[in-house]
Amino acid sequence: MLLGGVETMSKREPVHCHVVEKAARDLLKERGVTLNAVAQIVFDMQLPYNKDLKMEECIDSVDKVLEKREIQHAILVGIELDKLAEKKQLSEPLQSIVEMDEGLFGVDETIALGSVFGYGSIAVTTFGYLDKQKIGIIKDLDTKQEGSINTFLDDLVCSIAANAASRLAHRLRDKQERLREEEIQRRDHEERIG
Ligand code: MG
């Protein structure tokens, strides 16, 4: 249990960050979400602001976002709930609510939204836009298919793409201002903490 950032009660070792990151990446893969598919959304969102944008930069940005603990934790929680709902292992009435992706159930958005604050206001507004427009793989995930439940996953993808788009926008400005590569990397490192 965490109280003001101080560990109390539990004597268990924390789970190593590499284990958490691998689990989150594996889960995305297992659910059919590739880095490329998310990067395509980022590319489409950022191209109007950067005509020289390369797909590789978008893939790299998505990859960097997935190094962030906040995102990894949201992925673990959200996909776990989708999978449990597919196996009909949630308790009622939650099972029915998640299964039908009930319109007024907003916890899927809330979990995903909680992980966009680390990348600033562009991430927050982009998240809102993607949540409404549902482009690319987000649309595929939102379209109900027999037997599969992605109530949480579509919002998580919005969050990852929004973060990666915001990160790119800030990187672009850093480059325009000709910051030294060392400083860009230091800022990058700071952003990934948390
Ligand atoms: Mg949803």
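These are my notebook entries on what I looked up in this structure, which is a predicted model.

**Overall make-up.** I began with the secondary structure and found ten helices and two strands.

**Size and packing.** I then looked up the dimensions, and the C-alpha trace spans about 55 × 45 × 25 Å along its principal axes. For 194 residues a compact globule would have a radius of gyration near 16 Å, and the protein has 17 Å, which agrees. I also noted that 32% of the 194 residues count as buried. Of the contacts with a separation of 6 or more, 76% are between residues 24 or more positions apart.

**Helix α3.** Next I turned to α3, residues 55–65, and asked which of its residues are buried. I found Cys 58, Ser 61, Val 62 and Val 65 to be buried there. Seen down the axis of α3, these buried residues fall within an arc of 100°, so they line one face of the helix. I looked up what covers them, and the cover includes α2 (35–46), α4 (69–86) and α9 (153–176).

**The pair α4 and α9.** I recorded the crossing as left-handed. On the α4 side the residues that meet α9 are Ile 71, Ala 74, Ile 75, Gly 78, Ile 79 and Asp 82, while α9 brings Leu 153, Leu 156, Ser 159, Ile 160 and Asn 163.

**Backbone points in the loops.** Most residues other than glycine have a negative phi, and most peptide bonds are trans, so I looked for exceptions to both. Where is Pro 93 placed? I found Pro 93 in the loop between α4 and α5 (94–99), and a cis peptide bond with omega of about 5° joins Glu 92 to Pro 93.

Asp 101, in the loop between α5 and α6 (107–114), has a positive phi near 50° although it is not a glycine. I counted Asp 101 as partly exposed, because 16 other C-beta atoms lie within 10 Å.

Lys 134, in the loop between α7 (120–133) and α8 (137–142), is not a glycine either, and its phi is positive at about 45°. With 17 C-beta neighbours inside 10 Å, Lys 134 counts as partly exposed.

Terms used:
Residues numbered from 1 in each chain as written. Predicted model: local features only at pLDDT ≥ 70, side-chain atom pairs only at ≥ 80, totals over all residues. Buried ≥ 20, exposed ≤ 12 C-beta atoms within 10 Å, placed from the backbone. Helix = DSSP H or I, 4+ residues; strand = E, 2+ residues; numbered from the N terminus. Arc of directions from axis to C-beta. Contact = placed C-beta atoms within 7 Å. Rg over C-alpha atoms; globule rule 2.2 N^0.38 Å. Left-handed = near helix turned anticlockwise from the far one by under 90°.
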